Amino acid sequence: MSRNGRAPERATGGRPAVMTDVAKLAGVSHQTVSRVLNGSPQVRPETKQKVLEAVAELGYRPNAMARGLVSRRSKVLGVVTFDTILYGPACMMLGIERAARASGYGVSIVTLERVDRGGVLAAVDTLADQGVDGVIIIAPQIAAAAALHNLPERPVAVAVEAGQDAPLPSAAVDQFEGVRLAVRHLLDLGHETVWHVSGPSDSLEARDRIEGWRGTLEAAGATVPPPIGGDWSARSGYEAGLVLAAQPGVTAVFAANDQMALGLLRAFAERGISVPETSRWSASTTSRRRPICRRR
């Protein structure tokens, strides 16, 4: 019900309200209603208030498609992403959606079925056909990053985690520095070296974390053991943990993400290795799942 007790549908004959209904109720022209809705300063405060009250009473919602035809802006951002089951990409999507909404934009998402040049270009084409104002491409895989060199000029695009050689504006975490701090912390605790459970070989993030881990050990004059490959999953971390548990002299491990660290801890527990009494570990991401691991 509206504030005067009249249902919005009754005030408009049972149909959704349009701009002319707002103008009629407020006693102004539809051009004035348009100026108010578009934030124009060329409207007197008392007139603006009457228009806003009419909008609220009628439950009027501007037609985004019609406004886009006039302004030539859709107020929608496209996002190309992959495997949102993983914690990192899911957090990226949450941050993008919140930032877009705070700026008055909606988000249209295309999830890649295959992470390669063809998949990325097809996803961008799909979003371009929707008339998005710009595209954000989450491209932490080597193949996806390579596709950025073949993007069309429109829509405008930016990349996330696409490596230092990205041909367009990009945002990324400083993987090297984050890993350096984690490995340096373990060395400062007195460990002679730090083993590493790495991410998949096609991942730019995994590559940068390996470089950060290896560079930190070399700078400290520590032995660099061979990395144990994983695929970001807890299962691969568990399998790496079994390998490390059988390796004598392992006292510190850096895992490339929390899921693999959880699997690693499970394997250590099954082999009777106490963390942190017997060995210590560190992971590259912070996950809400960590509390399920008991650390004494």
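Before anything else, a definition for my notes: two strands count as a pair if DSSP finds at least two bridges between them. I also jot down that this is a predicted model.

**Entry 1: the sheet**

I started with the strands. Five of them make an open sheet, in the order S2-S1-S3-S4-S5, and the pairing is parallel. Which strands sit at the edges? I found strand S2 (106-111) and strand S5 (170-171) there, each pairing on one side only.

Next I looked up how S1 and S3 are joined. Strand S1 covers residues 76-81 and strand S3 covers residues 134-138; they run parallel, with four bridges between them.

Then I turned to helix H7, residues 117-129, which lies across S1, S2 and S3. Its direction makes an angle of about 165 degrees with S1. I checked its span too: the 13 residues of H7 reach 19 Å from first C-alpha to last, close to the 18 Å expected at 1.5 Å a residue.

Which residues of H7 are buried? My list reads Gly119, Val120, Leu121, Ala123, Val124 and Leu127. What do they pack against? I got S1, S2 and S3 again, plus helix H8 (142-147). Just after H7 I noted Gly131, which has a positive phi of about 75 degrees.

**Entry 2: Thr193**

Now for a loop. Thr193 sits between helix H9 (175-188) and strand S6 (195-198). Buried or exposed? Its relative accessibility is 14%, so I put Thr193 down as buried, the cut-off being under 20%.

I then looked for its neighbours. Leaving out residues up to four places away in sequence, Thr193 touches Leu187, Leu217, Ala222, Thr223, Pro225, Thr251 and Ala252. With Thr223 I found a polar pair as well: a polar atom of the Thr193 side chain lies 2.5 Å from the backbone oxygen of Thr223.

**Entry 3: Asn257**

My last stop was another loop, the one between strand S8 (252-255) and helix H12 (258-270), where Asn257 lies. At a relative accessible area of 5%, Asn257 is buried.

What does its side chain reach? I traced a polar atom of the Asn257 side chain to the backbone oxygen of Trp232, 3.0 Å away. I also compared Asn257 with Ala234: they are 23 residues apart in sequence, and their C-alpha atoms are 9.3 Å apart in space.

Notes
Residues numbered from 1 in each chain as written. Predicted model: local features only at pLDDT ≥ 70, side-chain atom pairs only at ≥ 80, totals over all residues. Heavy atoms only, no water. Helix = DSSP H or I, 4+ residues; strand = E, 2+ residues; numbered from the N terminus. Contact = heavy atoms within 4.5 Å. Axes fitted to C-alpha atoms, helices over the stretch in contact; angles between N-to-C directions. Expected span 1.5 Å × (residues − 1). Buried < 20%, exposed > 50% of the residue type's maximum accessible area, 1.4 Å probe, protein only. Polar contact = N/O pair within 3.5 Å; in protein donor to acceptor, adjacent residues only side chain to side chain.
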